Amino acid sequence: MYFSHLFARRRPTPFTKALAEGDERAYSVLATSVDRLRSTAVDPHRSMITSAVAARAADLSHLYVAGGASAMLYRLGHDIGFRAGVVEVPTAFEADIGLGERSLQIQPVALSRRVTLAEPASDHLTIRIPAGAPPRLEPDHMAALRSLLGDGRAEVLAAIVTSGGVSGRQLASLLGVSDAAVSRYAAVLRQAGLIRTLRMGQAVRHVATPLGHHLAQPYRSPL
């Protein structure tokens, strides 16, 4: 199911094609790579990661008790909201998914800069968010960005940077402007090398380039 969804968006590489076809050598290479990544990037910091996760979970639990789900999700950032019983998540694909009796889980992911949904399970639905605090623009720097780019283009670049990637329709809804206005602003930002536009089926997704990240957040690495 996952590989079918992946191949619908982009041409498979020889390696991903081998994985999809069940090639045991490809699975072995993937397993070895994951083990090496875990041993070098995760295991040496496991106790620190565990402590940070526990502290963050406690903070969010207290906020949930005091202010409810809406306040807790707002603290998460990444433009996740809870209004009228609906959780709004800025994913690349637009879809309505009923939670029903399933629980909702929030899973931080270290190697991703955008919000995604995991394949729904029978008893839970998982929202994956980038690990760490979401990128934010300081008011003083946002004012300078408006002076440099103009209000509309600055708002569009800021929304793309802080979201980690967003569709044109989502941008228009978020900023309260027309699809045509977003398209014009995005065209200028793209020509300036500040964003890239990726086509995904009938929709497009705008992501910031390293230059766009640096302009919007000069003291924060885009990586």
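Reader: Is Arg38 buried, partly exposed or exposed?

Author: In this predicted model, Arg38 has a relative accessible area of 37%. Buried requires under 20% and exposed over 50%. Arg38 is therefore classed by these cut-offs as partly exposed.

Reader: Which residue forms a salt bridge with Arg38?

Author: The closest N and O atoms of the pair are 3.0 Å apart, and the criterion asks for a nitrogen within 4 Å of a carboxyl oxygen. Both residues lie in helix H3 (residues 24-42), 3 residues apart, which means a separation of about one helical turn. The salt bridge of Arg38 is formed with Asp35.

Reader: How far apart are the closest N and O atoms of Glu155 and Arg146?

Author: Glu155 is partly exposed at 28% relative accessibility, and Arg146 is partly exposed with a relative accessible area of 31%. The two residues form a salt bridge. Their closest N and O atoms are separated by 2.4 Å.

Reader: Asp23 forms a salt bridge with Arg25; what is the relative accessibility of Arg25?

Author: The closest N and O atoms of Asp23 and Arg25 are 3.7 Å apart, and the cut-off is 4 Å. Asp23 counts as partly exposed at 24% relative accessibility. Arg25, by contrast, counts as exposed, a class that begins over 50%. The relative accessibility of Arg25 is 67%.

Reader: How many salt bridges does a search of the whole structure find?

Author: The pairs include Asp35 with Arg38 and Glu155 with Arg146. Asp23 with Arg25 is also among them. The number of salt bridges found in the whole structure is 3.

How values were computed
Residues numbered from 1 in each chain as written. Predicted model: local features only at pLDDT ≥ 70, side-chain atom pairs only at ≥ 80, totals over all residues. Heavy atoms only, no water. Salt bridge = Lys/Arg side-chain N within 4 Å of Asp/Glu carboxyl O. Buried < 20%, exposed > 50% of the residue type's maximum accessible area, 1.4 Å probe, protein only. Helix = DSSP H or I, 4+ residues; strand = E, 2+ residues; numbered from the N terminus.
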